[in-house]
Amino acid sequence: MKAKVHVTLKNGVLDPQGKAIEHTLGSLGFKGVKQARQGKFIELDLAETDADKARAQVDEMCKKLLANTVIENYTIDIEG
Amino acid sequence: MKACVIVFPASNCDRDMKVALERSLGSPVDMVWHRETDLSGYDLVTIPGGFSYGDYLRCGAMAARSPIMAEVVKHAQRGAPVLGICNGFQVLCESGLLPGVLMRNAHLKFICKDVSLKVENANTIFTSGYSSGEVVTYPVAHHDGNYFTDAETLKAIEGNGQVAFRYVNNPNGSINDIAGVLNKAGNVLGMMPHPERLVDPLLGGIDGKPMFDGLVKSLAA
C-alpha cells in the first residue's frame, strides 16, 4: 500500500521560503494570497498490507526521520 | 589525549578540523568514517562542517541517523566531550544531543563572511581560552544557520548558561542571536561559525586558536 506524508512547519515557526513565495505570487498579480507556507510531501510504497500496521510504521518513520518535531507537524494518509 | 574527526559523505571541513586540533594537541588526530561503530579509544569527538548527504530532507538529518552517531550519543552520555561546527552543529541538533534546530537563514541567502561573536560563557571546556564578554571574529559559511527553539527551551538554555557564543550583528535570524549552544551538562558544544578556519596567520587570523588550545588544556587537566 501507499503512504502519503505531508510535513509542514508548525504555526508560529518563521517560514522565509513561504514568505518569498507569497511575495512573488503578489508581484505576479495574484491578489488575495493571505499567507503561503511551504512544506514537504513524501510518498512511500510499502510492503505492509494492513492499513493500521502501515500507519503505525509510518508514524514511527515520521518521528525518527521524516519530520523534526521541534518545528514540524506531519500528517499521514494511507491508500490501499 | 586522543581526538577524532567524524567524516560523512560531503563533509568538507574535516581536514581543517584535523589540522586545527593537531596544532593544539601536538599529536595526530584520526579521521573516522561514518560507517564505523567504535569510538572507545577517543577522549574528544568532533563533527566537522560540510553538506553531509547533500542536505537532503533537512540539514544533518541523514548524518544524525548514520551508524557512528549511535556511538557519538553514547560518548556524550558518558560525559565525554563532543564538538560540532556548522554542519556538525546541525547534526548534533538532529541527533537530539543539543536542543533546538537550525533553519534556513531568515533572508534566504547563503552567508560567507567574517562575523563578530561575543563569548557568552567562557567557563566551559570549549571556551576556556577566552574570557566571558570577549569579542572574537570567526568566519561563517552557511545557508541554514538560523537557530530556533520553542520559548520554554530557550528560557531553559538561557537560564542554564548554555549559550556559548552570540552574534554581535545577527546575520541569519537566530533566536536571541545564538551562534553556539551547549548541552545542559556542558560537554557538547555546537556552533555555526568556524574557529578551525582561523588558526594560522596565513589564513587571515588566529582568533580560533585559543578555542582549540583551551580545549586541549581543559581536557589534559
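**Salt bridges and the A–B interface**

B:D144 is buried, its relative accessible area being 8% (buried means under 20%, exposed over 50% and partly exposed in between, with a 1.4 Å probe and protein chains only). The model is a predicted one, so local features need pLDDT of at least 70 and side-chain atom pairs count only at pLDDT 80 or more, while totals for chains, interfaces and linings use all residues. Residues are numbered from 1 along each chain as its sequence is written, chains are lettered from A and ligands numbered from 1 in the order in which they are written, and side-chain values use heavy atoms, with hydrogens and water left out.

Back to B:D144: its side chain meets that of B:R104 in a salt bridge at 3.1 Å, N to O (a side-chain nitrogen of Lys or Arg within 4 Å of a carboxyl oxygen of Asp or Glu). B:D144 sits in the loop between β7 (135–142) and β8 of chain B, and B:R104 in the loop between β5 and β6 (111–119) of chain B, so the pair ties together parts that are 40 residues apart in sequence. Helices (H or I, at least four residues) and strands (E, at least two) are DSSP runs, numbered from the N terminus. B:R104 is partly exposed, at 24% relative accessibility. Salt bridges that share partners also link A:K40, A:E72, B:R58, B:R65 and B:E94 into one network. Over all chains, the rule gives 18 salt bridges.

Within chain A, A:E72 pairs with A:K40, the closest N and O atoms being 3.4 Å apart. A:E72 is buried at 7% relative accessible area, whereas A:K40 is partly exposed at 28%. Another salt bridge in chain A joins A:K63 and A:D59 at 2.8 Å, N to O; these two are four residues apart in helix α2 of chain A, and so are separated by about one helical turn.

Now for the interface. Contact (heavy atoms within 4.5 Å) involves 15 residues of chain B and 15 residues of chain A. The two chains bury about 1200 Å² between them, 68% of it on carbon and sulfur atoms; this is the accessible area (1.4 Å probe) lost on putting the two parts together, summed over both. One salt bridge crosses the interface, and it joins A:E72 to B:R58 at 3.8 Å, N to O. On the side of chain B that touches chain A, β5 (101–103) and β8 (146–148) of chain B are the elements that give two or more residues.

A:N68, in the loop between α2 (51–66) and β3 (72–79) of chain A, is buried at 7% relative accessibility. Not counting residues up to four places away in sequence, A:N68 touches B:R58, B:E94 and B:V101. The side chains of A:N68 and B:E94 are joined by a polar contact of 3.1 Å (a pair of N or O atoms within 3.5 Å; within protein, one must be able to donate a hydrogen and the other to accept it, and residues adjacent in sequence count only if both atoms are side-chain atoms).
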